Each structure stands twice: as C-alpha cells, then as structure tokens.
Amino acid sequence: MIATQYKIILPSDYDMSIIKVRVKNNGYKTDGFEDLKFKLYLTTEKGKNENSQNSYCPLYVWKDSNGLNKFLFNGFYDNIITSFGWQKVNIGIPLIDTTTYKIKDSKYVFEIEREIKPQGSLNNFKDEIEKNIPRIKESEFIVIYNPDKWKYHVFFFIDDLSKIKSVEGTTYDILHISQEKI
C-alpha cells in the first residue's frame with residue numbers, strides 16, 4: 001500500500017464553503033477509483049477545533065501504485081493544479097492499518113505526528129509505535145511512515161470530538177469518503 005496527501009494551506013479569510021461545494025459536486029468521482037482503498041476529503045478551518053489555519057488536505061490510501069499513477073498522470077490531478085497550483089504530494093507507507101468499511105461513519109480524522117529518532121535498530125519498532133500511540137476509544141486508525149523524513153503520522157477515524165480532549169494533534173472535518181467497491 002501507498003499513502004499520499006497534499007496539504008493546501010488557504011488564506012485565513014478564505015471562504016471554506018467553496019471547498020465544501022467543490023467536494024459535494026465532485027467527491028463521488030473517486031468512489032471506486034482504481035486501486036484506491038479510500039480517499040478522505042479533509043479540511044481544517046481557522047478557529048474551529050483548535051485549528052490555526054484553513055486547509056484542504058485530501059488523504060489517499062492506495063492498494064498499489066497503478067491507481068496512484070493513473071490519478072497523477074492521466075489528468076485527474078490536473079484539477080488540483082488548475083484550482084490550487086502546483087502542490088507537493090507527500091508519500092508515505094502504511095505500517096499499521098486497523099481500518100474497515102466502518103470508516104464511512106466517521107465525521108472527523110484526528111492526526112498526530114511523531115519523529116522516528118536515530119537508533120541502533122528498527123527491529124520491533126512497529127510494536128513500539130503501536131504500544132505508544134494514544135488509545136482513542138472505539139476508533140480505527142492507520143499509521144503511515146515516511147523514511148525520507150523519518151516521521152510517522154497516526155490518523156484516527158472518529159465520530160465524537162470528546163474522545164480526543166486530552167491528546168494534542170490536528171482535527172480534520174471529513175467532507176466525503178471515497179472507498180473501494182466492496
């Protein structure tokens with residue numbers, strides 16, 4: 001699997017209803033997209049859920065690279081370039097994935113980011129990550145790491161913000177979820 005995300009930071013006075021309408025009118029176009037496990041249309045709004053900026057940050061998890069290549073190089077990504085300009089696409093590798101079709105019931109994604117510090121061995125590091133990430137009641141999650149930056153991100157799929165009150169991170173609203181055909 002491969003994960004991708006681009007984080008488009010928008011001006012603080014940006015009308016976020018523009019993004020909401022965009023996703024409402026176009027989100028279905030990635031439903032059942034080739035090799036896509038899921039795509040989350042994510043936003044943050046300045047002043048909402050303790051966020052300091054407006055952003056549009058779609059998160060994709062691909063079953064392999066064929067669908068990603070099709071998305072990037074067969075015209076689909078051109079919609080992002082046309083609307084928002086050239087964006088850096090962050091790439092990661094899923095390490096732990098507890099997600100099921102039930103993520104479709106989630107209203108929010110909560111993200112925490114951690115550094116992978118230099119060490120003598122990465123043997124059993126996956127177990128260390130799993131042991132040390134916060135436990136958020138009744139939430140599925142996916143851990144995505146990037147060895148280029150030596151960081152990992154945990155994305156929790158939640159329906160109730162009260163579950164994350166004592167944990168620091170970024171809360172995204174989910175506008176739409178595209179999933180593979182079941």
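The model is predicted, so local features need pLDDT of at least 70 and side-chain atom pairs count only at pLDDT 80 or more, whereas totals for chains, interfaces and linings use all residues. Residues are numbered from 1 along each chain as its sequence is written, and side-chain values use heavy atoms, with hydrogens and water left out.

**Figure 1. The whole chain.** The secondary structure comes to four helices and ten strands, where helices (H or I, at least four residues) and strands (E, at least two) are DSSP runs numbered from the N terminus. In order from the N terminus, the elements run β-β-α-β-β-β-α-α-β-β-α-β-β-β. The chain has a radius of gyration of 16 Å, close to the 16 Å that the globule rule gives for 182 residues, so it is as compact as a globular protein of that length. This radius is taken over C-alpha atoms, and the globule rule is 2.2 Å times the number of residues to the power 0.38. The C-alpha trace spans about 45 × 40 × 30 Å along its principal axes. Of the 182 residues, 43% are buried; buried means under 20% relative accessible area, exposed over 50%, and partly exposed in between (1.4 Å probe, protein chains only).

**Figure 2. Strand β3 and its partners.** Nine of the nine residues in β3 (residues 36-44) are buried. Two strands pair if DSSP finds at least two bridges between them. With β10 (residues 170-179), β3 pairs in the antiparallel sense over six bridges, and Lys39 has Ser178 as its bridge partner there. The antiparallel pairing of β3 with β5 (residues 59-62) has four bridges; in it, Leu36 stands opposite Trp62. Two bridges join β3 to β4 (residues 54-56), again antiparallel, and Thr43 is partnered by Tyr56 in β4. In a regular strand the side chains alternate between the two faces of the sheet.

**Figure 3. Val109 in strand β7.** Val109 belongs to β7 (residues 108-115) and is buried, with a relative accessible area of 0%. Leaving aside neighbours within four places in sequence, Val109 is in contact with residues including Leu40, Leu42, Phe156, Thr171 and Ile174; contact means heavy atoms within 4.5 Å. The C-alpha atoms of Val109 and Asn66, 43 residues apart along the chain, are separated by 26 Å.

**Figure 4. Gln87 in a loop.** The loop between α3 (78-84) and β6 (90-97) holds Gln87, which is buried at a relative accessible area of 15%. Its side chain reaches the backbone oxygen of Phe84 at 3.0 Å. Not counting residues up to four places away in sequence, Gln87 touches Tyr6, Lys7, Ile8, Tyr77 and Ile80.

Figure 5. Most residues other than glycine have a negative phi. Asn49 has a positive phi, near 55°. This residue is in the loop between β3 and β4 and counts as partly exposed, at 26% relative accessibility. Trp150 also has a positive phi, near 50°.

How values were computed
Polar contact = N/O pair within 3.5 Å; in protein donor to acceptor, adjacent residues only side chain to side chain.
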